[in-house]
Amino acid sequence: MFIIIALLIALIPAIAVLYPFIKGNAANEWLDDESSPMADLERRWDSAISGIKSAELENSIGNLEEDDYTWLRQEYMREAALVMRSMELEEEQEAELLAAIEVEIRDVRERISGADPQQDDPPDSQDPASSA
Amino acid sequence: MPAVIFRLNKLLYLLSSQVSARTLLAGAVFALLLTACAVTPEYYTGLDARAQSLNKNIMCPICPGESIDQSQATIALQMREIVREKLSEGQSDAQIRNFFVDRYGPSVLMEPPTDGFSILAWIVPPVVVVVAIVAFLLAIKGMRGNEQRTELADSGNGPSDPDNLERYYQRIEAALEPSLTRATTTGNDASNGTEESNG
Amino acid sequence: MVEAGQAALVIAFVVALYVPIASFVGSWQKAPELTASGRYGFYTVPVLLLIATAVLIYSFVIRDFSVKYVFENSNLAMPQIYTWVAFYAGNAGSLLFLAVVLAIASVIAVLTIRKRLPYTAPFATGIMALIIAFFLGIIVFMANPLTVLDFVPTDGQGINPLLIHFGMFIHPPLQMSGLVLVAIPFSIAVGALAARRGGRDEWVDLGRLWGMISWLILTIGLLLGSWWAYTILGWGGYWAWDPVENSALMPWLAMTAFVHSIMVQKRRGMFRMWNMVLIIVAFTLAQMGMFINRGGPVPSVHSFAQSAMGWLFLIFMAVTMVAAIAVFFWRLESLKSRSSLESPWSRESAFLGQNILFLLVAFVTLWGTIFPIFSEAAQGTVITVGRPFFDLVNGPLLLAIVFLMGVGPLLPWRRATVRNLLRTLRVPLSVGLLTGLVLVIIGIRQPPAVVAFATLSLVLAGIINEWVRGTRSRHRKGEPYLAAFGNLLSANRPRYGGYIVHMGILMLAVGAIASSFYSTQRDLVMEPGEVASVGSYTFEYMGVEDRVYSDREESLASFTVFKDGEYVGNMEAYRAFYPNFRIAATKGAIRSTLIEDFYIVPSEFQDGGQAVFRVLVNPLVWWMWASGPIITLGIAFGLWPVRQPAMAAARLPRGVQVARG
């Protein structure tokens, strides 16, 4: 009796644990990377913007002096602008990379379909370079 | 009331402009801490008061961690009686404390004694506090300029290149628009003088 | 039925061991099916534990005394509603409670980090699962609440009478939950480090969120515990610095430091190493708190180390600390700060100073709590480190923290000039000095009290001043005052949420200081019909009524109370004795107003009709308990997300409208 109950209960985690293997759709497990340059830039953008807002608030309240405020605002604006520019560069690079990869895939496909029309190419998975 | 505050304001302003600001602040904080370090407060000076403060300092031997003031156990009540008796006999606080220490050992007192090994209990905290303050000041000094600048992508024109970034500034300003902001990065609004910021 | 519960426990234990293996290996080998499998398995752990919990609760409800835990913690006379309390009253039950709470909260946490921190998530999940596995291991092998006795007793032993109080319905669960929830920001932080995803503040948003959630629950738990001690333990106080209280306080101190310094990391990318160390320290302290605080046979630091289970907890605590430190040093290079401190007069330095102060208080508390062990080892005699020590040493430190709470928010981020700071300080400082002066004039002379109250008024003045100036500046730009105030708050929710929390802390502080220094306490012997007065209260002892119940004998005393000559009501207090437990419990009569509490507790009923009462007038205690909802409100407000202008929207060329989703 105990065995039966135990088995029944054990079914719950068993199904859960085996589900990804059966379904096999876990490919997008790591679609984004929280450390990707883009994500990093988003975070720095956020802190630059909130820096500007804090500086404005603190200046209007009077905790931050005019000179400091001007300097700080310039610093934050510069940071935000650099972030934006980096992001554009990033996107350019990504677009170039994607274009280059597509070219390669086409090449390989042509070569293979020349040799064996049956074979299929596994799609290339993006693995963003993890920083050292 | 506002007049008093106003005058105190002026006084402090005068003071702050004479004495170095740093010293003033430091002195204020230091004085604050020093006065707060005054010894355990005496509630009143009557026998009642002495009884209470003694009771709060003597542990109930069988109760876990309670003073005879806190505990409602019979033995605690008896001990409070003894304290009261001895006080009315004219014994001093120290004598009464020693009486209990003789009977139950030094653990009957809530404070660690100041002789022998136990003096460490009192010495270590202030020493650690001082060390921590020094460490803090050193850390403040050391933290300045000690960062790992993750360079944002530079197109090679050097870090300060306002021309190239100008087009971004406009867009960022536009994005910030919904909040109550001032118009430009360099503009100076004359309306916010220093006097107004006083609450 | 009970077998189902036991099966669920064992299976949950096995799953909790599988999860970290699958998650770590899956991450390492880049096998997404494995990590997904681990995660889905993790989702089932609360389900399994809830099954076991349901079985236990059901056993209590049907009074199945064949279950050992039910036998030990309930009886036929116990009202059904106390089943909830009985659940966590004992050792085994409290462990199950901890496991269930952690499991549920962890799953919610994993759901939040899954999308935003895809690489960190498996590691964080694995760490949370390991912690749960430890609890489950202890439960399954040493302290199983579903163990069955060989015979079926006819009645149980009953619940500890001290636990039959409304406060016991919420204090222990909240306290224990607060302690165990520290595991979540810990797992996220260390998991991020292990996943090589910790060097760029990726985890900070969610670390802050879960840090503040656990902080809030810890705070409420501590407040409720003090409130419970005040109303039920009958000595008129609420905090005695005893080891159990201290072990719950220390993680709170570390977490308070953490939730502040994490904001610096979020804004400036600084304090990366510091915050890692801080959360590791906080979790280690939380473990110590958990293990000393559970219901059961561990009432003091001494007995903690004497039981076998105590040793296991110590070892686990050491293992997690060492492992976390190892990961920390392994990834140390990645933790260098992004920016540096620009000025010692900045909010960043204030936060660092505040952190140091909080850790100093934690150190002093720890030192005082474990010093008796050193002393015993060194010279053989047992000494006590009690309240007077802590009050004296921690008092000034806490006051310094409160002072910093007033000055810190006046400092802008990154830099400020000292001249400007002094200018902003003028109003609060004048108010503080004025308050001190006024107090001395009206007769309050004790230096610590005067300084403390002056500091509190300084802080309050600082906060109000900020709010006024902020509202004014918006008003000058064209908004009506009320709208300006509302918009000021809602546009800067984290900041003003913080101010609200600080107001709550002020309420707590004013109550604590007033009642510490200015309580009036009298022990009086009274006969029925006698009238006495303490402070402005006059009261008549009407008499005592002895009642016998199935599990206790109660002596109920009643009073008629007058304040300043006016009748304010009747009050009842009792002293009960529980023969089964050989415990005497008292319930004091408390009349609480905003100004003060009038408090009567019976110490002793003597033969011959006389009774000894302790009577207290405690000023401003109400404010301490009222701080709880204010602090909660502040946290909720501060955690309400603020929408920043998105970079995507900013990048579109001017003139193109975008629908904000």
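Trainee: How many residues does the contact take from chain C, and how many from chain A?

Mentor: This is a predicted model, where local features need pLDDT of at least 70, side-chain atom pairs count only at pLDDT 80 or more, and totals for chains, interfaces and linings use all residues. Residues are numbered from 1 along each chain as its sequence is written, while chains are lettered from A and ligands numbered from 1 in the order in which they are written. Two residues are in contact if their C-beta atoms, placed from the backbone, lie within 7 Å. By that rule the contact takes 50 residues from chain C and 45 residues from chain A.

Trainee: Which helix of chain C gives the most to the side that touches chain A?

Mentor: Helix 2 of chain C does, with twelve residues. A helix here is a DSSP run of H or I with at least four residues, a strand is a run of E with at least two, and both are numbered from the N terminus.

Trainee: How do the residues of that side of chain C divide into nonpolar, polar and charged?

Mentor: They are 22 nonpolar, twelve polar and 16 charged. Ala, Val, Leu, Ile, Met, Phe, Trp, Tyr, Cys and Pro count as nonpolar, Asp, Glu, Lys and Arg as charged, and the others, Gly among them, as polar.

Trainee: Why are helix 9 and helix 20 of chain C called roughly antiparallel?

Mentor: Helix 9 (residues 204-232) and helix 20 (residues 621-639) of chain C pack at an angle of about 175°, with their axes 10 Å apart. Axes are lines fitted to C-alpha atoms, for helices over the stretch in contact, and angles run from 0 to 180 degrees between N-to-C directions. Angles under 35 degrees count as roughly parallel, over 145 as roughly antiparallel, 65 to 115 as roughly perpendicular and the rest as oblique. Helix 9 and helix 20 of chain C are therefore roughly antiparallel.

Trainee: Which residues of helix 9 of chain C meet helix 20 of chain C?

Mentor: Among them are L209(C), M212(C), L216(C) and W227(C). Their partners in helix 20 include W625(C), G628(C) and L639(C). By class, this contact has ten nonpolar, three polar and no charged residues.

Trainee: What makes helix 10 of chain C largely enclosed by the rest of the structure?

Mentor: A residue is buried if 20 or more other C-beta atoms lie within 10 Å of its own, exposed if 12 or fewer, and partly exposed in between, with C-beta atoms placed from the backbone. In helix 10 of chain C, 25 of the 26 residues are buried, so this helix is largely enclosed. Helix 2 of chain A has 21 of its 25 residues buried, so the conclusion there is also "largely enclosed".

Trainee: How do you know that the span of helix 2 of chain A agrees with 1.5 Å a residue?

Mentor: The expected span of a helix is 1.5 Å times one less than its number of residues. The 25 residues of helix 2 (residues 37-61) of chain A should span 36 Å, and the end C-alpha atoms are 36 Å apart. Helix 10 of chain C, with 26 residues, reaches 38 Å, close to the 38 Å expected.

Trainee: Why does D564(C) count as exposed?

Mentor: D564(C) has 9 C-beta neighbours inside 10 Å, so it falls under the exposed cut-off. It lies in the loop between strand 4 (553-563) and strand 5 of chain C. Most residues other than glycine have a negative phi.

Trainee: What makes N580(C) partly exposed?

Mentor: N580(C) has 13 other C-beta atoms within 10 Å, so it belongs to the partly exposed class. N580(C) lies in the loop between strand 5 and strand 6 of chain C. Leaving aside neighbours within four places in sequence, its contacts are Q157(C), G158(C) and D551(C).

Trainee: How many bridges join strand 5 of chain C to strand 6 of chain C?

Mentor: Two strands pair if DSSP finds at least two bridges between them. Strand 5 (residues 566-578) and strand 6 (residues 583-587) of chain C have five and run antiparallel. One bridge pairs R575(C) with T586(C). The two strands form a hairpin with four residues between them, and R582(C) in the turn has a positive phi of about 55°.
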